[in-house]
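Reader: I would like to go through this model one feature at a time. Please give the general idea before each case.

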Amino acid sequence: MWYAYPMDSKNLSQYKTELEKQKANLLEQIASHSTPEIMGNDVDSGDEETDEAEEQGNRLAIAQGLREDLTEIETALEKIQRGTYGICERCGKTIETEVLATAPESAMCRACKQIS
Ligand SMILES: [Zn+2]
């Protein structure tokens, strides 16, 4: 399976571990941001409704951003399985190791990232 693969399989398993760690982290954060805190029993606030609606909105916005990150990570993990990880989606070249080391979910090489 790995014969034509441009990436060192040792590096690959490191990226995979890192991505899985990030994924677990994100899932946790998403869960904490999308669950309304119904157990909150603060009665001291007069305009509680406005605050809560606003806070709920913020939380949803954050959760949305987190879900987008999660999608990127899941796509990267899928690519690892298919053997296409580390290949730029735009130009088809190998993504620089430094790029992947900083952001293992990267789908594009440095040059293409700058263009987009
Ligand atoms: Zn590229």
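Author: Start with Tyr15, which is in contact with Leu100 and Pro104, leaving aside its neighbours within four places in sequence. Two residues are in contact if their C-beta atoms, placed from the backbone, lie within 7 Å. This is a predicted model: local features need pLDDT of at least 70, side-chain atom pairs count only at pLDDT 80 or more, and totals for chains, interfaces and linings use all residues. Residues are numbered from 1 along each chain as its sequence is written.

Reader: What pLDDT does the chain average?

Author: pLDDT is the predictor's confidence in each residue, from 0 to 100. Where it is low, the predicted coordinates should not be read in detail. Here the average is 86, and 81% of the residues score at least 70.

Reader: Which residues make up the largest nonpolar core?

Author: In soluble globular proteins, nonpolar side chains tend to be buried together. A nonpolar core is a set of buried Ala, Val, Leu, Ile, Met, Phe, Trp, Tyr and Cys residues joined through C-beta atoms within 7 Å. In this chain the largest one has 8 residues: Tyr15, Leu19, Ile73, Ala76, Tyr85, Ile95, Leu100 and Cys109. Helices α1 (9-34) and α2 each give two or more residues to this core.

Reader: Why does Asn11 count as partly exposed?

Author: A residue is buried if 20 or more other C-beta atoms lie within 10 Å of its own, exposed if 12 or fewer, and partly exposed in between. Asn11 counts as partly exposed because it has 14 C-beta neighbours inside 10 Å. C-alpha to C-alpha, Asn11 is 9.8 Å from Leu100, at 89 residues apart in sequence.

Conventions. Helices (H or I, at least four residues) and strands (E, at least two) are DSSP runs, numbered from the N terminus.
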